[in-house]
Amino acid sequence: SFIWTSEKDGYNHIYHYDFNGKLINQITKGNWEVTRYYGFNESKNTIYYQSVENGSTNRGVYSIDLKGENKKLLSNKDGQNTAAFSKNLNFFINTFSSSEIPPIYSLYSGEGEMLKVIKDNAELKEELSAYKMSPKEFSTININGNDLNMWMIKPADFDENKKYPMLMFQYSGPGSQQVANRWNAANDYWHNMLAQKGMIVACVDGRGTGLKGADFKKVTQKELGKYEVEDQISAAKELANRSYIDEDNIGIWGWSYGGFMSTNSLLKGNDIFTTAIAVAPVTSWRFYDSVYTERYMQTPQENASGYDDNSPINYADKLEGNYLLVHGTGDDNVHVQNSMRMINSLIEANKQFDMFIVPDRAHGIRKGNNTRLNLYTKMTNFVEEHLINKSNKTTEIKG
């Protein structure tokens, strides 16, 4: 017999088949996703897997028998738990982190007994305690009929009686996730720095992102950039209703697919977004690699409207706010042609914008002394000029 994972019931689950392809039984069930299959211990008749059954922002490591019975949580319940199993599946090293706890590496038995902490990163946590950091506040927000995962970072001295400009961050690509209860990545420190300068940073995972079922993920099929953009615009408008958010100074930024999204959001949502930063954005799926694009969009000949109706180069005339376009000329993923075509469209529409073209840098824009520092300094200055400082002036006038 063999083990198979499938989304056929609407969520990714584990199934057991015989060698003729006949289903023996569905091993895992529920409105949640299996995110990793680790293996089957034949001597113990036990399957090991990772799932989001304790909420899609968390990951847990579980065991279950071949009949789908005797399920057991082997790791922490909350946060991110990832297992690296021994060859015989009798032991695993669990990597655990959350938004407030840096990675802890521990040795576990296959039955879930914690045997030894290998590294706890306590020194890192102690060192970071000297910095002014605000925790991510996790929640959901109902947008276009869906409860979307969201986090928000507020200034350390947040005052609910004041109004703050807001910068939204997202990636939004098919099956992706940015709203997760995990330890900081590089952008989280930048976002926190911006928060301490006097703004709110928020992130919403809209339709098309992962771990909330097949229908939620696949709604964007053949129309990349439609529903995802609608959700970011609607989320911005919903958040703008909160008393502490300055509805006149809301921005959005992203990298790669996120740059495609931030560009579209500024153009199609020019009644709510005043500022956007797009780093290495796709501007037409006609320019992106065929293996990725045709998986979601079919070919341009089969789906011309899907390619063009959501391409920001066709909406340059809608630019009303402040737009910073960044791209490396040596981009090995999103070819710089994407930004060149966007620039031409903006010129033809007689729109003013800012751009930062970085010579010979690849998609990550990293190579060379001070490259990242220079880029993030530019983005910081752009956010300060067009969101933080403008919001402060607006508040003073209203006051």
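Predicted model: local features only at pLDDT ≥ 70, side-chain atom pairs only at ≥ 80, totals over all residues.
Residues are numbered from 1 along each chain as its sequence is written, and side-chain values use heavy atoms, with hydrogens and water left out.

Staying with Arg59, find the loop between β5 (46-51) and β6 (60-65), where strands are DSSP runs of E of at least two residues and helices are runs of H or I of at least four, numbered from the N terminus. Arg59 has a relative accessible area of 11% and is therefore buried (under 20%, whereas exposed means over 50% and partly exposed in between, with a 1.4 Å probe and protein chains only). Leaving aside neighbours within four places in sequence, Arg59 is in contact with residues including Thr35, Gln50, Asn76 and Leu211, contact meaning heavy atoms within 4.5 Å.

Next, select His13 in strand β2 (residues 13-17), which is buried because its relative accessibility is 0%. The side chain of His13 is joined to that of Thr28 by a polar contact of 2.8 Å, and among the other residues in contact with His13 are Trp4, Gln26 and Trp32.

Move on to Asn184, in the loop between β14 (164-169) and α2, which counts as buried at 18% relative accessibility and is in contact with Ser99, Met133 and Tyr189, neighbours within four places in sequence being left aside. In helix α2 itself (residues 186-196), the buried residues are Asp188, Trp190, His191, Asn192, Leu194 and Ala195; after α2 comes Gly198, with a positive phi near 110°.

Finally, display helix α4 (residues 227-240) with helix α5 (residues 257-268), whose axes come within 9 Å and cross at roughly 60°; the axes are lines fitted to C-alpha atoms over the stretch in contact, and angles run from 0 to 180 degrees between N-to-C directions. On the α4 side, select Glu228, Val229, Gln232 and Ile233, which meet Tyr257, Met261, Asn264, Ser265 and Lys268 of α5.

Conventions:
Polar contact = N/O pair within 3.5 Å; in protein donor to acceptor, adjacent residues only side chain to side chain.
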